[in-house]
Amino acid sequence: MRRAGRWLVCPYAAVLDGESAKDQCARCAQLDRSRSVAADTMADDPRPYAVYLAYFGPGLLKVGITAAERGPARLVEQGAVAYAWLGRGPLMAARRAEALLGSALAIPDRFTKAAKRAARGALPEVPERCAELAQLHARARGLGGWPETLEPAEFAFTDHTELFGLDRVPAGAAVLGGLTAGAEIVGEVLAGVGSDVYLRLAGGDEGAVGSVGAVSSVGVVGSVGAVDSVAVVGGAEGRRSGAGQGAGQGPGAGGPGPVAVMDARLLSGWVLGAATGRVTTVPVLPARTAVPGASERGGEQEGLF
């Protein structure tokens, strides 16, 4: 948990599940949210906040707020394909604007990861993205009841195609499962979108997407576009201790593998090392289906501010 500006060791000595995308146990996370802007338990925060519109795909536009001092970092973190600022002002004014768009225009404040991933593989051209975002920006600015203390921002479109390497993200990418001590991920890094890393897996067959084994190591993930062997070395210093599940060759070993996406937050707490095998031995699952435009209301947003 975080106290007085520094991270403290979990007092419960909790062991995190390999499927968890958070680097805290539930009780530590709950304590952290006892004074949190995201949980509306820190209304006295004196910093200025910015309101933004984020685009993830056709029909997938959301409203959000972030501390102005962070600039576009929040948009990069959540993997926004494009975005535009709406205004800037005190925290509660930003919150009122966010609520206004939600009630008047039914604009959600979050989408599921599955919906975002599904949209990335079939994005329209940049001018179409810009037009959809500009239209919503104009509608938002035209609403009555806009907070007086929130300074409006003129429409300015920013696209992340080049930053993320979106032209290298295929439709229907497979999904890498959770990490366990003893497995490896071996492949070429194609793109990085928010916390998602896309890899061309080694040692598989393009059509053979199934459960190939359990993960024990996850290696050196290079920068976007770099080609690195990826492997993670588990063990006592990882999230879990215990024996690995064996890095078998699996079907189709030796050929080019499928493209799969991994939530890099799963790597938190693991000790990373170079790959020793030639194939990925973590579960490779079919792409998860998502209802276009599905929001994740009721879920918890992480690391917003």
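Modeller: Two strands pair if DSSP finds at least two bridges between them. Keep in mind that this is a predicted model.

Colleague: Fine. In which sense do β3 and β4 pair, and over how many bridges?

Modeller: Antiparallel, over 8 bridges. Strand β3 covers residues 49–57, and β4 covers residues 60–67. Opposite V63 in β4 stands L53.

Colleague: What about the turn of that hairpin? Which residue takes a positive phi there?

Modeller: G59, with a phi near 80 degrees. The hairpin has 2 residues between its strands.

Colleague: How many residues of β4 are buried?

Modeller: 8 of the 8, so β4 is largely enclosed by the rest of the structure. Both faces are covered. On one side you have L60, K62, G64 and T66. On the other are L61, V63, I65 and A67.

Colleague: Let's move to α3. What span should its 15 residues have, and what does the model give?

Modeller: At 1.5 Å a residue, helix α3 (residues 91–105) should span 21 Å. The C-alpha atoms at its ends are 21 Å apart, which agrees.

Colleague: Which α3 residues are buried?

Modeller: L91, A93, A94, R95, A97, E98, L100, L101 and L105.

Colleague: And what do those buried residues pack against?

Modeller: Against β3, β4, β5 (82–89) and α5 (126–141).

Colleague: What happens just after α3?

Modeller: A106 takes a positive phi of about 55 degrees, although it is not a glycine. A106 sits in the loop between α3 and α4 (113–120).

Colleague: Buried or exposed, that alanine?

Modeller: A106 counts as exposed, at 60% relative accessibility.

Colleague: Now the nonpolar core. Which residues touch the most other members in the largest one?

Modeller: V51, L101 and Y198, out of 38 residues in that core. Elements giving two or more residues to it are β3, β4, β5, α3, α5, β9 (187–193) and β12 (256–263). The largest share comes from α3, with 7 residues.

Colleague: What lies apart from it?

Modeller: Another core, of 15 residues. Among them are I185, V197, L267 and V282.

Colleague: Switching to charges. How many salt bridges do you count?

Modeller: 12. One of them joins E69 and R47, whose closest N and O atoms are 3.0 Å apart. E69 lies in the loop between β4 and α2 (73–77), and R47 in the loop between α1 (26–32) and β3, so the pair ties together parts that are 22 residues apart in sequence.

Colleague: How accessible is E69, and how accessible is R47?

Modeller: E69 is exposed, with a relative accessible area of 61%. R47 is partly exposed, at 24%.

Colleague: Where are the partners of the bridge between K113 and D263?

Modeller: K113 is in helix α4 and D263 in strand β12, 150 residues apart. The N to O distance is 3.9 Å. K113 is partly exposed, with a relative accessible area of 26%, whereas D263 counts as buried at 9%.

Colleague: And what about R117? Which residue does it bridge to?

Modeller: D196, with the closest N and O atoms 2.7 Å apart. R117 is in helix α4 and D196 in strand β10 (residues 196–202), 79 residues apart. Both R117 and D196 are buried.

Colleague: Which residues form the network of salt bridges that share partners?

Modeller: K113, R117, R120, D196, D263 and R265.

Colleague: Last, the whole chain. How many helices and strands?

Modeller: 6 helices and 14 strands. Of its 305 residues, 45% count as buried. The chain exposes about 14100 Å², with 54% of that supplied by carbon and sulfur atoms.

Colleague: What share of the contacts joins residues at least 24 apart?

Modeller: 80%, among contacts between residues at least 6 apart in sequence.

Definitions and conventions:
Residues are numbered from 1 along each chain as its sequence is written. This is a predicted model: local features need pLDDT of at least 70, side-chain atom pairs count only at pLDDT 80 or more; totals for chains, interfaces and linings use all residues. Side-chain values use heavy atoms; hydrogens and water are left out. Buried means under 20% relative accessible area, exposed over 50%, partly exposed in between (1.4 Å probe, protein chains only). Helices (H or I, at least four residues) and strands (E, at least two) are DSSP runs, numbered from the N terminus. The expected span of a helix is 1.5 Å times one less than its number of residues. Contact means heavy atoms within 4.5 Å. A nonpolar core is a set of buried Ala, Val, Leu, Ile, Met, Phe, Trp, Tyr and Cys residues joined through side-chain atoms within 4.5 Å. Accessible areas come from the Shrake-Rupley method with a 1.4 Å probe; for residues, only the protein chains shown count as cover. A salt bridge is a side-chain nitrogen of Lys or Arg within 4 Å of a carboxyl oxygen of Asp or Glu.
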